[in-house]
Amino acid sequence: MPDVVVLGFPRSTFVHIARLVLTHKQVPYTFRDLEPEMGSATHLALHPFNRVPILQHGDFTLYETSAIAAYIDEAFDGPALHPKDVRARARMNQWISAVNSYYYPYMIYHVSHERRVFPEVGIASDEKVVAHALPKIEVGLQVLERELGHGKDHVLGSDLTLADFYVLPSTYAFGLTKEGQGMYPKYPAFCRWRERMEAHPTVRTFRAALPPHAPIEHARHWAAQILIGRRRRSHARQMEDRMKWITREHVKVDRVACPWLIKKFVDRDAEFVFVPADKVVDEAKRLNAILYDVKNVELGHHGKECSFEAILKKYELTGDPALVLLGKIVNGADTDNTLYQQPEAPGLKAVAEGFRHLGFKDDHAVNAAEWIVYDALYAYCRERVRQGKHNGDFVESAA
Ligand SMILES: N[C@@H](CCC(=O)N[C@@H](CS)C(=O)NCC(=O)O)C(=O)O
């Protein structure tokens with residue numbers, strides 16, 4: 001059992017850099033898929049900035065790809081990826097920093113996410129984001145083309161270095177977008193470098209070890225954060241970064257389910273405020289807070305749909321069928337259940353009623369205690385969806 005572990009999600013660009021370096025040095029390692037745990041307490045305990053990759057080597061844990069790559073190169077035998085010459089090493093570090101600052105953000109965070117990652121989870125691309133990134137990417141490709149004008153095999157010259165493994169994953173993923181495919185033929189030296197890299201045994205071994213292409217589920221959270229960020233920026237009166245979410249006090253179903261949904265999928269830093277029904281609109285204005293589950297607001301009931309479902313729509317979460325199923329159960333527990341006749345709903349209603357009789361001191365305490373119920377229900381919904389039962393279990397077995 002190798003004592004080297006890389007933690008991350010399989011399609012992460014930075015995880016790919018770390019894995020390329022390990023593969024090249026022929027270091028046996030285990031990959032641990034953090035996808036279901038991204039942003040959880042266990043993840044944050046390993047990486048307080050909520051990113052991947054993380055490297056574990058025995059009892060040593062390290063984050064930040066440049067530190068990981070340098071550590072692997074120094075701690076293990078095998079071909080050195082740091083040039084000996086001081087200036088070549090400086091140039092390599094320049095490339096590492098350039099990928100972090102000028103290639104990855106535009107190629108991946110802007111274009112690849114908008115073109116591939118978001119659409120794969122049912123979220124439409126934002127053309128403005130793509131259009132803004134493209135001229136920056138052209139500059140990056142021109143710089144690479146000039147650098148490769150030396151006619152040698154690798155970014156710095158004859159030797160393969162960390163610079164090559166840094167540039168490869170971002171340019172690979174951007175090359176899968178139609179914009180990348182349109183641009184690349186204008187840069188022949190770069191295209192030849194890509195061909196050489198893809199033919200390299202390290203890269204072949206690395207690609208062969210990757211799992212089949214699958215959507216990045218937690219990207220829904222990135223998309224929701226982007227929407228919240230826009231709202232924050234557009235609020236001239238916003239004094240602080242933490243957004244407040246306000247509703248009526250004495251919570252039961254929707255006003256526990258909605259905060260759970262917001263905290264987990266929309267706004268990790270959300271602060272919740274519960275006030276008497278007759279004060280909620282005035283307080284929302286005073287606190288510059290987002291109203292939900294209140295009459296006549298966007299994030300409230302519409303027809304027979306409940307507030308949870310309004311939040312799913314507004315924050316583009318309806319691409320997750322498990323959340324849609326959960327929305328139907330919440331709807332049934334919060335209303336007369338005539339919209340979906342969801343058989344799980346009366347059970348949730350009874351549990352929610354029971355929480356009112358446990359003596360919690362306020363609505364915050366009820367929410368904090370009851371969210372585990374929604375974690376469990378969401379797990380139930382994911383499982384039913386996995387089995388192809390998008391309407392839940394009991395509907396089918398009762399039929
Ligand atoms: N500075 C970090 C950046 C790592 C990074 O941004 N990783 C991305 C994946 S490629 C990430 O973890 N994104 C956050 C998320 O997936 O929620 C490093 O060099 O390791």
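Let's begin with helix α1, which is mostly covered: 12 of its 12 residues are buried. Keep in mind as you look that this is a predicted model. The buried residues of α1 are Thr13, Phe14, Val15, His16, Ile17, Ala18, Arg19, Leu20, Val21, Leu22, Thr23 and His24. What do these buried residues pack against? Their partners are β1 (4-8), β3 (54-57), α3 (65-75), α4 (86-120), α6 (162-174) and α9 (201-209).

At 1.5 Å a residue, the 12 residues of α1 (residues 13-24) should span 16 Å, and the C-alpha atoms at its ends are 17 Å apart, which agrees. After α1 comes Gln26, with a positive phi near 60°.

Now step back to the whole chain. Its domain assignment gives domain 1 (4-75), domain 2 (86-209) and domain 3 (219-398). The centres of domain 1 and domain 2, taken over C-alpha atoms, are separated by 21 Å. Where these two domains touch, domain 1 brings 11 residues to the contact and domain 2 brings 14 residues. On the side of domain 1 that touches domain 2, α1 and α3 each supply at least two residues. Which element gives the largest share of that side? It is α1, with eight residues. Sorted by class, this side of domain 1 has four nonpolar, five polar and two charged residues.

Next, let's visit two pairs of helices. Helix α11 (residues 254-266) and helix α16 (residues 363-386) pack at an angle of about 75°, and their axes are 9 Å apart. Angles of 65 to 115 degrees count as roughly perpendicular, and α11 and α16 are therefore roughly perpendicular to each other. To find the place where they meet, look for Val256, Ala257, Pro259 and Trp260 in α11, which meet Val366, Asn367, Glu370, Trp371 and Tyr374 in α16. By class, this contact of α11 with α16 has seven nonpolar, one polar and one charged residues.

The second pair is helix α13 (residues 307-314) and helix α14 (residues 321-334), which pack at an angle of about 155° with axes 8 Å apart. That angle makes α13 roughly antiparallel to α14. Here Phe308, Glu309 and Leu312 in α13 meet Leu323, Val324, Gly327, Val330 and Asn331 in α14. The contact of α13 with α14 has, by class, five nonpolar, two polar and one charged residues.

Finally, let's turn to some backbone details. Most residues other than glycine have a negative phi, and most peptide bonds are trans. With that in mind, where is Pro53? Its place is in the loop between α2 (41-46) and β3. A cis peptide bond joins Val52 and Pro53, with omega at about 10°.

Two asparagines also deserve a look. Asn296 is not a glycine, yet has a positive phi of about 60°. You will find Asn296 in the loop between β7 (290-291) and α13. Is Asn296 buried or exposed? Asn296 counts as exposed because it has 8 C-beta neighbours inside 10 Å. Asn337 is not a glycine either, and has a positive phi of about 65°. Asn337 lies in the loop between α14 and α15 (345-355). With 18 C-beta neighbours inside 10 Å, Asn337 counts as partly exposed.

Conventions: Residues numbered from 1 in each chain as written. Predicted model: local features only at pLDDT ≥ 70, side-chain atom pairs only at ≥ 80, totals over all residues. Helix = DSSP H or I, 4+ residues; strand = E, 2+ residues; numbered from the N terminus. Expected span 1.5 Å × (residues − 1). Buried ≥ 20, exposed ≤ 12 C-beta atoms within 10 Å, placed from the backbone. Contact = placed C-beta atoms within 7 Å. Axes fitted to C-alpha atoms, helices over the stretch in contact; angles between N-to-C directions. Parallel < 35°, antiparallel > 145°, perpendicular 65-115°, else oblique. Nonpolar A, V, L, I, M, F, W, Y, C, P; charged D, E, K, R; others polar. Domains from an automatic or database assignment.
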